[in-house]
Amino acid sequence: MENRIKELRARHNLTQEQLAQKVNVRRETILFVEKGKYNPSLKLAHKIAKTLNSKIEEVFILE
C-alpha cells in the first residue's frame with residue numbers, strides 16, 4: 001500500500017517523531033508505514049489521517 005504520509009507531514013512541518021508522539025506509536029512505526037513495510041491498523045490509519053487533517057483515502061492509496 002502506498003501512502004502520502006511523508007508529503008503531508010512536510011506540509012504540516014511535522015517530523016516522524018512528532019507525528020509518532022501525536023498518534024502514540026514509536027518513530028520507527030511511522031518510518032515503516034511511510035516506506036510501505038508495515039500496513040497500519042485501521043485505528044492507526046485513522047489517527048494518522050486525523051492528525052494530518054486528511055481523510056484516510058487521501059493518505060493511503062490502495063494499489
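**Entry 1**

I looked up Glu 28 and found it partly exposed, because its relative accessibility is 29%; the class lies between buried (under 20% relative accessible area) and exposed (over 50%), with a 1.4 Å probe and protein chains only. I noted that this is a predicted model, in which local features need pLDDT of at least 70 and side-chain atom pairs count only at pLDDT 80 or more, while totals for chains, interfaces and linings use all residues. Residues are numbered from 1 along each chain as its sequence is written, and side-chain values use heavy atoms, with hydrogens and water left out.

I then searched for salt bridges, each being a side-chain nitrogen of Lys or Arg within 4 Å of a carboxyl oxygen of Asp or Glu. Arg 26 forms one with Glu 28, with the closest N and O atoms 3.5 Å apart. Arg 27 also meets Glu 28 in a salt bridge, at 3.7 Å from N to O. I recorded Arg 26 as exposed, at 59% relative accessibility, and Arg 27 as partly exposed, with a relative accessible area of 32%.

I followed the salt bridges that share partners and found Arg 4, Glu 7 and Arg 11 joined into one network. In the pair of Arg 11 and Glu 7, the closest N and O atoms are 3.0 Å apart. Both residues lie in helix α1 (residues 5-11), four residues apart, or about one turn of the helix. Helices here are DSSP runs of H or I with at least four residues, numbered from the N terminus. Arg 11 is exposed at 54%, whereas Glu 7 is partly exposed at 39%. My count of salt bridges comes to five.

**Entry 1: helix α2 against helix α3**

I examined how helix α2 (residues 16-23) packs with helix α3 (residues 27-34): the angle is about 110 degrees and the axes are 8 Å apart. The axes are lines fitted to C-alpha atoms over the stretch in contact, and angles run from 0 to 180 degrees between N-to-C directions. The two helices are therefore roughly perpendicular, a class that covers 65 to 115 degrees.

I listed the residues in contact (heavy atoms within 4.5 Å). Helix α2 contributes Gln 16, Glu 17, Leu 19, Ala 20 and Val 23, and helix α3 contributes Arg 27, Ile 30, Leu 31 and Glu 34. I sorted these residues into five nonpolar, one polar and three charged.

Conventions: Parallel < 35°, antiparallel > 145°, perpendicular 65-115°, else oblique. Nonpolar A, V, L, I, M, F, W, Y, C, P; charged D, E, K, R; others polar.
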